[in-house]
Amino acid sequence: MNPRKEIASSLALILFSAIFLVYTTRYPLDDWETPGPAAFPLILGGVLLLLAAWQLIRALLAPKMPSGRAAEREPGIVTLKSFIRDNGGEAKVITLTLMLFLYILMMKWIGFFVSTLLLVTLSSRLVEAKGWGNPAALAAGVCLFCYLLFEVWIKLSFPRGILF
């Protein structure tokens with residue numbers, strides 16, 4: 001990733017974690033012996049803020065790219081196909097974001113377990129898992145874990161859809 005993208009992403013993460021920490025103040029913290037509902041989100045927001053600040057520092061201290069590199073770029077608008085070919089990592093992030101959006105929409109119609117099975121399987125394949133067996137087993141394990149944790153132990157129900 002080039003330093004400019006790292007700086008932009010770390011600034012976005014710092015902004016997100018700051019907003020998250022401000023939102024966390026709405027809940028009581030209580031004390032160390034019996035922590036309130038704000039304790040865990042406060043820790044998560046603090047860790048995210050520290051990691052984003054560390055990423056920003058590393059990006060600012062990184063060596064600059066040579067100026068001849070900018071001259072090699074083709075002028076004009078880059079097509080989507082060349083963007084995906086040249087920026088595989090960014091294309092995977094965009095694809096995963098679209099998959100998560102579809103997952104939220106599909107959960108209502110086909111149910112939590114089927115949509116989760118599809119999401120975990122396809123996202124595992126997206127990050128280049130070998131074959132279909134391991135991603136399918138992982139997806140089945142995630143669904144089983146969610147079922148046992150939430151439906152059996154905590155007694156919460158998931159959205160039921162047409163399929164399950």
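## Helices and overall fold

Helices here are DSSP runs of H or I with at least four residues, strands are runs of E with at least two, and both are numbered from the N terminus. In this predicted model, the protein chain contains seven helices and zero strands, so that its pattern, read along the sequence, is α-α-α-α-α-α-α.

Of the 164 residues in the protein chain, 22% are buried. The accessible surface of the chain amounts to about 12,600 Å², and carbon and sulfur atoms account for 73% of this area. When contacts between residues at least 6 apart in sequence are considered, 55% of them join residues at least 24 apart.

## Confidence of the prediction

The mean pLDDT of the protein chain is 82, and 83% of the residues reach a score of at least 70. Residues 68-72 form a stretch in which pLDDT stays under 50, and for this stretch the model has zero contacts beyond four places in sequence.

## The packing of H6 against H7

Helix H6, which spans residues 112-126, packs on helix H7, which spans residues 133-153, at an angle of about 140° and with the two axes 8 Å apart. The crossing in which H6 passes H7 is right-handed. On the H6 side the contact is made by Phe112, Phe113, Thr116, Leu117, Val120, Thr121, Ser124 and Arg125, and these meet a set of residues in H7 that includes Pro135, Leu138, Val142, Cys143, Cys146, Tyr147 and Glu151.

Because its relative accessible area is 22%, valine 114 counts as partly exposed, the cut-off for a buried residue being under 20%. From C-alpha to C-alpha, valine 114 is 9.8 Å from isoleucine 162, although the two are 48 residues apart in sequence.

Arg125 in H6 and Pro135 in H7 are themselves among the residues through which the two helices meet.

Most residues other than glycine have a negative phi. Glutamate 128, by contrast, has a positive phi, near 70°, while not being a glycine, and its relative accessibility of 56% makes this residue exposed. Lysine 155, which lies in the segment after H7, likewise has a positive phi, of about 65°, without being a glycine. With a relative accessibility of 65%, lysine 155 is exposed.

Serine 10 is located in helix H1, which covers residues 3-24. Its relative accessible area is 0%, and serine 10 is therefore buried. Once residues up to four places away in sequence are set aside, serine 10 touches Ala52, Gln55 and Leu56.

Key
Residues are numbered from 1 along each chain as its sequence is written. This is a predicted model: local features need pLDDT of at least 70, side-chain atom pairs count only at pLDDT 80 or more; totals for chains, interfaces and linings use all residues. Side-chain values use heavy atoms; hydrogens and water are left out. pLDDT is the predictor's confidence in each residue, from 0 to 100. Contact means heavy atoms within 4.5 Å. Buried means under 20% relative accessible area, exposed over 50%, partly exposed in between (1.4 Å probe, protein chains only). Accessible areas come from the Shrake-Rupley method with a 1.4 Å probe; for residues, only the protein chains shown count as cover. Axes are lines fitted to C-alpha atoms, for helices over the stretch in contact, and angles run from 0 to 180 degrees between N-to-C directions. A crossing is left-handed if the near helix is turned anticlockwise from the far one by less than a right angle, and right-handed if clockwise.
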